[in-house]
Number of protein chains: 2
Amino acid sequence: MSNEKKIVQSVPNFSEGRNKEVIERILDPFRKNGNVRLLDYQADADHNRLVVTIIGEVASIAEAILEAVGVAVSLIDLRVHRGAHPRMGAVDVTPFIPLRQTTMEEAAALSRSVGAEIARRHGVPVFLYEKSATAPHRENLASIRKGEFEAMGEKMKDPLWKPDFGPDAPHPSAGVTAVGARMPLIAFNVTLNTEEEGIAAVIARKVRFSGGGFRYCKAISVVLKEKKQVQVSMNLTDFKRSALYSVFEMIRIEAERYGVSISGSEIVGLAPMEALLDVAAHTLRLTHLSAHQIIESRLLD
Amino acid sequence: MSNEKKIVQSVPNFSEGRNKEVIERILDPFRKNGNVRLLDYQADADHNRLVVTIIGEVASIAEAILEAVGVAVSLIDLRVHRGAHPRMGAVDVTPFIPLRQTTMEEAAALSRSVGAEIARRHGVPVFLYEKSATAPHRENLASIRKGEFEAMGEKMKDPLWKPDFGPDAPHPSAGVTAVGARMPLIAFNVTLNTEEEGIAAVIARKVRFSGGGFRYCKAISVVLKEKKQVQVSMNLTDFKRSALYSVFEMIRIEAERYGVSISGSEIVGLAPMEALLDVAAHTLRLTHLSAHQIIESRLLD
């Protein structure tokens, strides 16, 4: 079992969403490495930002990211960068997400070693965030990024904002960057057999953290005009603690109160295998079920 | 999507469970091919039989099996083979099981091409069975094997038992072999909060095909002496038609009648990803969920 591959996901964000040539050069390192898969990338011209989704073995993904960071630092100049999305560096943020045979602590360790190497190779100050943060005020990416590229020189004079790696001042053209570990995010929508948005709004409020609901659940109500139905649209930020089936059951119970049933649900985009196995194990009351029991997953070892 | 890998499982059975050197030489072709994974093998001295479980891409798995068949045909002599398990050939049977991006029809086509090639390269008569059978009386492996190696020469004089490929008489030392396509088998046990075996026996009878229950469900009752509980122990031979959650729910409902609850369940060994995703989709009422949405599975493409 010890020779099983450690697989992580990463979603690096680069501050270039317009220049196709630069975008392609940033993507190259993720395409040429056989142990890394480029799952998706979204280049947004308005945001002027490139969001890349990759998975792969720990060592391979680290090397591919360091190479792409090198490309971005040499080709992107934040001094002339304009876009709708807030940003503080040529590489704005790089989260690492544990997927297979990898713990959150290992993903955090990976973020620290990649962060140290970004500073060493490219001279860019690095802040560790989320589960990798070295202080509570650095956990939230928005807090680190506040003031953006333009204000970062002044902000970093405060010892509170000394970077975890690299120089105490921003890179002249590439700014600063954040690296950290976090859980995968699952986009989960539950559709109700009613046209009344009020009902979806009340339920969304009940299930989300800010309304007193599940700690790792963000929820809003959405109207599906063509279907004449409403939806509770969610992001689950830690499926191990706020489970898919718990959230679903709570919505079902709350909807019942209004005589409303659930017409269906959907997972938007990708989800980690464990999140779905967890639902199956709950339903079947399986006393144990490991990803290792899934036949196809043996090809990942 | 068209460049996704077609992945199948196969469980070839060889008539050698004692001679370690022969066993190792049969296993070699499954170890040296990077696109094939040797998941498991069980060599049983009493049965004098080797059961190998492999997964891999269609083309690679076919080539590895043809090579292993060649080794078995040259090293195993059925004329001196004795063992507790019925057998008709050096390679007794080779099922192909569709797993990913593969339909049952494609698995059957693979079994036909491998069968034809076994006959051509190794001169062994081949019978197609299960979903690949060319006549109803050949679907059941036990019917084909009846009489075993010793009676096969006489049996094949009957046109009903003309092989699908190869000569009309058994190979002198390697006999005949069966090749076919079938669904994966899931071993699923549900444990009841009671010591009374009678209750598990009644429920087993109700859920299994032979008792009027689910078509693709075989079930028996088992006593767990140490736990002081009883179990409904099942083999599900087609999870797409007799689903895990349907069988589980039926057991739950039947047990309720006796005031007995379910204490837990287990999947023994391996199960295909789709069988568990199917349970999750049922519980969450997902209107669609494809294996392609599982992050880790993208590494299989």
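**Exercises on a predicted two-chain model**

In chain B, 4 strands make up an open sheet with the order S9-S10-S8-S11 and antiparallel pairing. Two strands pair if DSSP finds at least two bridges between them; helices (H or I, at least four residues) and strands (E, at least two) are DSSP runs, numbered from the N terminus. The model is predicted: local features need pLDDT of at least 70, side-chain atom pairs count only at pLDDT 80 or more, and totals for chains, interfaces and linings use all residues. Residues are numbered from 1 along each chain as its sequence is written, and chains are lettered from A and ligands numbered from 1 in the order in which they are written.

**Exercise 1. Describe the sheet of chain B and the helix that packs on it.**

Step 1. The edge strands, each pairing on one side only, are S9 (217–224) and S11 (262–268) of chain B.

Step 2. Direction ignored, neighbouring strands of the sheet are turned by 20 degrees against each other on average.

Step 3. S8 (residues 186–192) of chain B runs antiparallel to S11(B), and 6 bridges join them. Thr191(B) stands opposite Gly264(B) of S11(B).

Step 4. Helix H7 (residues 244–256) of chain B packs on the sheet and touches S8, S9, S10 (229–236) and S11 of chain B. The direction of H7 makes about 20 degrees with that of S8(B).

**Exercise 2. Characterise the packing of H2 and H3 in chain A.**

Step 1. H2 (residues 58–75) and H3 (residues 104–122) of chain A pack at about 35 degrees, with axes 10 Å apart. Axes are lines fitted to C-alpha atoms, for helices over the stretch in contact, and angles run from 0 to 180 degrees between N-to-C directions.

Step 2. Residues are in contact if their C-beta atoms, placed from the backbone, lie within 7 Å. Those of H2(A) include Ile65(A) and Val69(A), and those of H3(A) include Val114(A) and Glu117(A).

Step 3. The contact residues divide into 9 nonpolar, 3 polar and 2 charged. Ala, Val, Leu, Ile, Met, Phe, Trp, Tyr, Cys and Pro count as nonpolar, Asp, Glu, Lys and Arg as charged, and the others, Gly among them, as polar.

**Exercise 3. State how H8(A) and H8(B) are oriented to each other.**

Step 1. The axes of H8 (residues 273–284) of chain A and H8 (residues 273–283) of chain B come within 8 Å and cross at roughly 75 degrees.

Step 2. The two helices are therefore roughly perpendicular (65 to 115 degrees; under 35 is roughly parallel, over 145 roughly antiparallel, the rest oblique).

Step 3. Among the residues that meet are Leu276(A) and Ala280(A) in H8(A), and Leu277(B) and Thr283(B) in H8(B). The division is 9 nonpolar, 2 polar and no charged.

Technical notes
Contact = placed C-beta atoms within 7 Å.
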